[in-house]
Every structure is written in structure tokens, then in C-alpha cells.
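Please look over the sequence and the model shown below before reading on.

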Amino acid sequence: MLLRARGLSLTPQRRAILRHLSARGGHWTAAEVLTSLTGEFALASRATVYSTLSLLRELGVLADVPAPGPGGEARYDVNPEPHQHFVCRRCGLLEDVPLAWFPVVIPSGVTPGFAVDQFRIVAEGLCGGCGADRSD
Ligand SMILES: [Zn+2]
Ligand SMILES: [Zn+2]
């Protein structure tokens, strides 16, 4: 496992938090993680959850999501595959979308001094539940 390869060990509780998120997928604010864990781990403290999330992000296990969650709180992405995001302007729904939806060709030589190797795209609009398919 990635963490072991880096010579790091996770406490059983941190490992359990990672398992919990991986099994569910999606994008989480720290507050949502805490709420979700509370039923499952009686000892999940706010401090443990927050420090575990930032550790997992530093290790590259969780990625930052370029669209903040409710209240502008940072979100963590459990999906390890490269992808972009769609966010519903009305309800805040956040979905993964394939890279192929927004093909980006990086012209060579237009950014001298920079080596651009990825774009983070957030598409905005309305999800199905908020009326994307309605004409009104
Ligand atoms: Zn919506
Ligand atoms: Zn994602």
C-alpha cells in the first residue's frame, strides 16, 4: 500500500477513516467526514479527523477538489483516477466527469518558463434534479 511504501504507518483509527472514505467514494468536507464517522467510531474526535485528512492529503492519498463545499470549506476527493468536476450552481451537487468531456490541448511554447502538465476544470450548471432537463 502507498502509505507503507513511504515508510509511514497509520494508526488503526486513521486506517479506519481511510477505509470508510474509500468504501463510499465522493468528495468530503472535514465536517462531513466527522458526521459520517460519528455513528461508526465512537472515539472519532474532531482533532483526529482533521489531522488525518490533512495527513492523507499531504501523502497524495486524498486530492483537493477545486470547488469548495458548503460554507466554502475545502473538499477532499477519494477518487484516485484523473478526472474533472461538475458542480450544480443551485444545490451544490458535485460530480466527477471524465477528462474526455473537456479535452484540452496544451499548445507548446505558449508558456515559456512553465511546464504545464494538467488542467483542473470545474464545469458549472444545473444538475438533473435542479431542472437541467426542464425548459422552464
Ligand atoms: Zn442541483
Ligand atoms: Zn472528484
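## Basis of the description

This is a predicted model, in which local features need pLDDT of at least 70 and side-chain atom pairs count only at pLDDT 80 or more, while totals for chains, interfaces and linings use all residues. Residues are numbered from 1 along each chain as its sequence is written, chains are lettered from A and ligands numbered from 1 in the order in which they are written, and side-chain values use heavy atoms, with hydrogens and water left out.

## Overall make-up

The protein chain contains 4 helices and 6 strands, where helices (H or I, at least four residues) and strands (E, at least two) are DSSP runs numbered from the N terminus. Their order along the sequence is α-α-β-α-α-β-β-β-β-β.

Of the 136 residues in the protein chain, 31% count as buried, a term that means under 20% relative accessible area, with exposed meaning over 50% and partly exposed in between (1.4 Å probe, protein chains only). Among contacts in the protein chain with a separation of 6 or more, 50% come from residues 24 or more positions apart; contact here means heavy atoms within 4.5 Å.

Two packed helices are described by the angle between their axes and the distance between the axes. Axes are lines fitted to C-alpha atoms, for helices over the stretch in contact, and angles run from 0 to 180 degrees between N-to-C directions; angles under 35 degrees count as roughly parallel, over 145 as roughly antiparallel, 65 to 115 as roughly perpendicular and the rest as oblique. Helix α3 (residues 30-38) packs against helix α4 (residues 46-58) at an angle of about 125°, with the axes 10 Å apart, which makes α3 oblique to α4. The residues that form this contact are Ala30, Ala31, Val33, Leu34 and Leu37 of α3 together with Arg46, Val49, Tyr50 and Leu53 of α4.

The axes of helix α2 (residues 12-24) and α4 cross at roughly 70° and come within 10 Å, so that α2 is roughly perpendicular to α4. For α2 and α3, the axes come within 11 Å and cross at roughly 100°, and these two helices are therefore roughly perpendicular to each other as well. The contact between them involves Ile17, His20, Leu21 and Arg24 of α2 and Val33, Ser36 and Leu37 of α3.

## Leu37 within the helices

Leu37 lies in helix α3 and is buried, with a relative accessible area of 0%. Leaving aside residues up to four places away in sequence, Leu37 touches Ile17, His20, Ala44 and Val49. The C-alpha atoms of Leu37 and Val49 are separated by 8.9 Å, and the two residues are 12 residues apart along the chain.

Distant parts of the chain are linked by the pair of His27 in strand β1 (residues 27-29) and His85 in strand β4 (residues 84-88), which are 58 residues apart. His27 counts as buried at 13% relative accessibility, and His85 is also buried, with a relative accessible area of 4%.
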